Each structure stands twice: as C-alpha cells, then as structure tokens.
Amino acid sequence: MIEVKLIDVMPNDVIGIVHELKQKGYVRGVDFDWEYHKPEYNDWSGDAVYNRYTMFKFHKEELATWFELVYK
C-alpha cells in the first residue's frame with residue numbers, strides 16, 4: 001500500500017476529493033482507503049500538538065502517483 005498524506009485540508013474538501021475519486025470509478029476498500037485525523041492541541045498551553053491531516057492509502061502505485069500530482 002502506498003500512503004499519501006494531505007496536511008491541513010478541511011474535512012469538507014476531503015469529502016469532495018473522495019467523491020471525485022468515486023466518480024472516476026475508484027472503489028473505497030479496493031482501490032483506496034482514507035482516514036481523517038483531527039488537529040490535537042495541548043490542553044494546558046493551547047498550542048497545536050499536530051495539525052489536521054488526511055491519510056490516503058492506495059493499492060496501486062500509479063493511482064497514488066496520479067493522486068499526488070493532482071491533489072498535493
């Protein structure tokens with residue numbers, strides 16, 4: 001599996017990307033998977049521990065390469 005990390009992309013934009021992939025005929029669980037990670041903050045200082053990110057995982061290298069060229 002090839003992983004592509006999109007950093008600081010809003011959840012609505014991620015859903016749009018997933019819909020675009022599905023419209024192109026790609027199937028979640030067969031061609032790709034994805035997971036959204038919300039931002040984490042230090043409760044005491046309020047500083048960000050890490051920013052939001054979305055990890056896309058592709059089963060084929062050529063799809064991962066195309067995805068990186070288009071969305072990264």
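Entry 1. I looked up Phe56 in this predicted model and found Phe56 buried, with a relative accessible area of 0%. I then checked Phe67, which is likewise buried at a relative accessible area of 0%.

Entry 2. I searched the whole structure for aromatic pairs and recorded seven. For Tyr26 and Trp66 I noted a tilted pair, with 6.4 Å from centre to centre and 40° between the planes. I placed Tyr26 in the loop between α1 (11–23) and β2 (32–37) and Trp66 in helix α2 (residues 61–71), so this pair ties together parts 40 residues apart in sequence.

Entry 3. I looked up the accessibility of both partners. Tyr26 has 27% relative accessibility and counts as partly exposed. Trp66 also has 27% relative accessibility and counts as partly exposed, because that class begins where buried, under 20%, ends.

Entry 4. I returned to Phe56 and Phe67, which form a tilted aromatic pair with 4.6 Å centre to centre and 45° between the planes. Phe56 belongs to strand β5 (residues 53–58) and Phe67 to helix α2, so the pair ties together parts that are 11 residues apart in sequence.

Entry 5. I asked which residues the ring pairs link into a cluster. I listed Tyr26, Trp34, Phe56, Phe58, Trp66, Phe67 and Tyr71.

Entry 6. I found the charged end of Lys5 over the ring of Tyr53, at 4.3 Å from the ring centre.

Methods: Residues are numbered from 1 along each chain as its sequence is written. This is a predicted model: local features need pLDDT of at least 70, side-chain atom pairs count only at pLDDT 80 or more; totals for chains, interfaces and linings use all residues. Side-chain values use heavy atoms; hydrogens and water are left out. Rings of Phe, Tyr and Trp (its six-membered ring) pair if their centres lie within 6.5 Å; planes under 30 degrees apart count as stacked, over 60 as edge-to-face and the rest as tilted. Helices (H or I, at least four residues) and strands (E, at least two) are DSSP runs, numbered from the N terminus. Buried means under 20% relative accessible area, exposed over 50%, partly exposed in between (1.4 Å probe, protein chains only). A charge sits over a ring if NZ of Lys or CZ of Arg is within 6 Å of the ring centre and within 35 degrees of the ring normal.
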